[in-house]
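This report looks at the disulfides and the pockets of one protein model.

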Amino acid sequence: MTQTRAALRPTVLTALLAALLSVLLAAPASAASLQEVTGFGSNPGALKMYRYVPDGLPAGRPVVVALHGCTQNAAGYASGTGWTALADRWGFSVVLPQQQSGNNLSQCFNWFESADITRGQGEAASVAQMVDRQLADVSGDPSRVYVTGLSAGGGMTAVMMAAYPEKFAAGGIVAGLPYGCAQAAGTAYVCMYVGATQTPAQWGDRVRAARPGYTGPWPALTVFQGTADYTVKPANMTALVDQWTNVHGADRTADVGDTVSGYPHRVYRGPSGNAVVETYSITGMGHGQPVDPGSGDAQCGAAGAYFLDVNLCAAYRLGKAWQLG
């Protein structure tokens, strides 16, 4: 009996190895992961750069810049929003700037500091350098670069759209603020909790002053705002509509008024008839990023702190508006 077992061992071992090899050969290639990029430029804002590039991504694909909110980081925002999963599904790369505590103790992007929101300076210049590096590294499509962010990241999204409009086809602001809001309100906190009082022309002038001499095209804007948000008041979405319809030469009367997933949705068209501003007013939602966890076509994201399951995924809606998939 001992001899029989000994004789069988090589045969069994060979079979096991063969089975293991067949499983390994049949398994898909390892999934892409978030990677840090260093040396992307002079980096005057002292930010970190992370990126997600799906395996086998061809040249000429879009790039999405996604800016996290306060107390968050690049990795958590990448997965919580659903952007990396959508990148795999639709084929685009994601740039994820990350704030450092040395710049802001709460890791908020400094959307309220003049030194960080001016073209060629600070954090705005660092993010612009990340875009240039990403386009070069992945041979991305420079005409299809988009920027989005939550809260302070939403405020910095408005900064990038205003200071570097030539780099972005469109932006998506989630619970964020108009460009120049802190200066208009006197402080960042008044801007967040109350809102600044400006006419549409005054709001538009702040954007135009950020890129002197620029005549367009300007990025289109989509805004998501919770009606029960007491951190960034809904008045800021109204100001964003005023600001960017003025920049685009559109009026403030919505051309489309309907509902999406039960929430009020508005579209404002420019003189040429294209959508230049779009809004989603998420009834009853507090401060956070709308997500809709699940495996359905329109579902994405994961619920958590500042990732709020409201049966609507902001990243998916933005991706569709930007024709990413």
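Which cysteine does a disulfide join to Cys181? The partner is Cys191, with an S to S distance of 1.7 Å, where a disulfide is a pair of cysteine sulfur atoms within 2.5 Å.

## Basis of the model

This is a predicted model, in which local features need pLDDT of at least 70, side-chain atom pairs count only at pLDDT 80 or more, and totals for chains, interfaces and linings use all residues. Residues are numbered from 1 along each chain as its sequence is written, and side-chain values use heavy atoms, with hydrogens and water left out.

## Disulfides

The link of Cys181 and Cys191 is right-handed, with 105 degrees about the S-S bond. Cys181 counts as buried at 1% relative accessibility, and Cys191 counts as buried at 0%; buried means under 20% relative accessible area, exposed over 50%, and partly exposed in between (1.4 Å probe, protein chains only).

Cys70 and Cys108 form a disulfide with their sulfur atoms 2.0 Å apart. Cys70 lies in the loop between strand 3 (63-67) and helix 2 (74-81) and Cys108 in the loop between strand 4 (93-98) and helix 4 (114-117), so this pair ties together parts that are 38 residues apart in sequence; helices (H or I, at least four residues) and strands (E, at least two) are DSSP runs, numbered from the N terminus. Cys70 is partly exposed, at 25% relative accessible area, whereas Cys108 is buried, at 10%. The disulfide of Cys300 and Cys313 is left-handed, because the torsion about its S-S bond is about -95 degrees.

## Pockets

The largest pocket has about 530 Å³ of space. On a 1 Å grid over the protein atoms alone, a pocket is an open set of points where a 1.4 Å probe fits, with protein on both sides within 12 Å along at least five of seven lines, and lining residues have an atom within 4 Å of a point. A volume is the space filled by probe spheres set on the points, which are joined across faces, edges and corners. Strand 10 gives the most to the lining of the largest pocket, with 5 residues.

The second largest pocket has a volume of about 420 Å³. Of its 21 lining residues, those closest to its centre include Cys70 and Cys108, which also form a disulfide.
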